[in-house]
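Subject: Structure handover

Hi,

Here is the structure I promised to pass on. Please open it alongside this email and follow the notes below.

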Amino acid sequence: MPGKSAKNPLIAAVSPVRPPKRLLYGPGPSQVEPRVYKAMAKQVVGHLDPYFFKVFEEAVRMLKLVFGTENSMTFPVSGTGSSGMETAVANFVEPGVKVAVLANGYFCDRISEMVRRQGGELVRLEKPWGEVCSDDEASEFIRRERPQVVAYVTAETSTGAFQSGKAICAAAHAVDALVIADCVTSLGAMPIKVDETGIDIAYSCSQKGLSIPPGLAPITVSPRALDRLKGRKSPQRTWYLDLNLLNEYYFQTPHKYHHTASASLLYGLHEALLAIMQEGLEKRWERHRQAHLSFVKGVEAMGLCMQVREGNRIWNLNTPCVPEGVNDAAVRNMLLEKDGIEIAGGFGPLAGKIFRIGLMGPLATPASVRSFLRIFGKALAANGYKVKAAKAAKA
C-alpha cells in the first residue's frame, strides 16, 4: 500500500544476540564472574570524566598489588594482550637495539616478530616447545650476547610451561639490559612479583587469570625503564601505544586527551580486582595451584601424561598429551556440542599432540575440576580411549 514501508529482508534475517551457555575451560577467554558482568552494565561515563579517573586510580592501586610492584606507571592499555606486548616492544626497542629472546613457544615467536618490525637486532636462545631455560643456560646466553633488552614469557600459553625469571633478570641487569616479561596467562593466578624478580616491563591481559572479558592489557613499567625511554634516540614508531602520550592522558593533570578509553571495561577490571582483594591474593594463587594439582592427579589416574615436566607447569593452564589413536579435535567438538565446554588443542609443533585446558577464576575449584574430569573422561572414551578411562570419575 502507498506510504507503508517495505519489510527489510536483512532485519527479518537477523535475530537478537543470544549466546549459548558455555563453560570456558580453554586457555582464554576464561569464565567471567557474574559480578564483573554486572559492573560492566553500569552507566557509561566519558573518558575524561572525574569519575572515570577515580575508578582508574583505585584499579591501579589494586593492579600494583597483583603485579607485585610499586611502579607508578602501572595501568591498563586499551587493547588485548597483544597490545601490551607491542607497547613493551615498541617503546623499548628501536633500530639497532640488541634484543635477546628466550624462545620456547608461540608467544616468544610473536615477541621476536615485533622486535624485527621495530628494527631491533634479534638473538634467540632456542628451546623445544614445552621446555624452559635453566638458570645457567639463560645467564650464560645473556652474558655472551650482552643485549640491551631481554624478553621472556613467564607462562607460555601455547605449551603450558612456566619460566622462572629471577636468574634472567639478574643476568640482564648485570649487563645493563632491560627485562620485558610476558605475564599474559600468569597474572592473577600465579605469583608475578615484578619488583622482587627484577622485571622492568611486564604486561598481561584481562581475559585469563583476571577473568574479565578481553579488551585490556595491564602493564607496569619500572623507573629504570622510564629513564631508558627518555634516552631513546629515534622517533617513536607507534602513536597509539606511545607511553609518553599515555602518561599525559592517564597520569598528568589536566588529563590530555589521547583516545576514548572504555569505561565499561574499566568497571570490569575494577570489580575483578576487588574480588581478588576480597578473596586474598595468596589464597587465590593457592586455589589455582590446588586446582592444578587435582587436575594432574585426575588425568594421570586416567592414564594420560602431561606435556610439561613437573615443576615447570603453569597452574592455570594444563596441557595433557592426547592419547595415541585419539583425535583431539573430535574430543573437543564433542565437549563443545554436547556439554557446552570449551577447551583448546595444540598448534605449531604441538598440533594434535596436546589439549590446552584452563582452570581459571571461578572454574578453579574442586567441584569444577571433578565435574570437568568426569565429562572429559567420557568424551575420551567415546572417541576410542579405553585405558584407565573408568578411573576418571574417581579422581
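In which helix is Leu 273 found? Leu 273 sits in helix 11, residues 263-279. Keep in mind that this is a predicted model.

**Leu 273 and its partners**

Leu 273 has a relative accessible area of 0%, so it is buried. Set aside neighbours within four places in sequence. Leu 273 is then in contact with Ala 59, Met 62, Leu 63, Val 66 and Leu 210. Look at Leu 63 in particular. Leu 273 and Leu 63 are 210 residues apart along the chain, yet their C-alpha atoms are separated by 7.0 Å.

**Helix 3**

Next, go to helix 3, residues 50-67. How far apart are its end C-alpha atoms? They are 25 Å apart. Helix 3 has 18 residues, and at 1.5 Å a residue it should span 26 Å, so the two values agree.

Now check both ends. At the start, a side-chain oxygen of Asp 49 comes to within 2.7 Å of the backbone nitrogen of Tyr 51. After helix 3 comes Gly 68, with a positive phi near 75°.

The buried residues of helix 3 include Phe 52, Phe 56, Ala 59, Leu 63 and Phe 67. Keep one rule in mind as you look. An α-helix has 3.6 residues a turn, so residues three or four places apart point the same way.

**The nonpolar cores**

The largest nonpolar core holds 94 residues. Which of them touch the most other members? They are Phe 52, Phe 75, Ile 111, Ile 201, Tyr 250 and Leu 273. Helix 3 gives the most to this core, with ten residues.

Take Ile 111 as an example. Beyond its neighbours within four places in sequence, Ile 111 is in contact with Met 85, Val 89, Val 101, Ala 151, Val 153, Asp 182 and Tyr 203.

**Glu 94**

Finish with Glu 94. It lies in the loop between helix 4 (81-92) and strand 3 (98-103). Is Glu 94 buried or exposed? Glu 94 is buried, but it has no salt bridge. The nearest side chain of opposite charge is Arg 232, 4.2 Å away. What Glu 94 does have is a polar contact of 2.6 Å, side chain to side chain, with Ser 234. Not counting residues up to four places away in sequence, Glu 94 also touches others, including Gln 118, Gly 119, Gly 120 and Lys 233.

Best wishes

Notes
Residues are numbered from 1 along each chain as its sequence is written. This is a predicted model: local features need pLDDT of at least 70, side-chain atom pairs count only at pLDDT 80 or more; totals for chains, interfaces and linings use all residues. Side-chain values use heavy atoms; hydrogens and water are left out. Helices (H or I, at least four residues) and strands (E, at least two) are DSSP runs, numbered from the N terminus. Buried means under 20% relative accessible area, exposed over 50%, partly exposed in between (1.4 Å probe, protein chains only). Lys and Arg count as positive and Asp and Glu as negative; His and the chain ends are not counted. A salt bridge is a side-chain nitrogen of Lys or Arg within 4 Å of a carboxyl oxygen of Asp or Glu. A polar contact is a pair of N or O atoms within 3.5 Å; within protein, one must be able to donate a hydrogen and the other to accept it, and residues adjacent in sequence count only if both atoms are side-chain atoms. Contact means heavy atoms within 4.5 Å. The expected span of a helix is 1.5 Å times one less than its number of residues. A nonpolar core is a set of buried Ala, Val, Leu, Ile, Met, Phe, Trp, Tyr and Cys residues joined through side-chain atoms within 4.5 Å.
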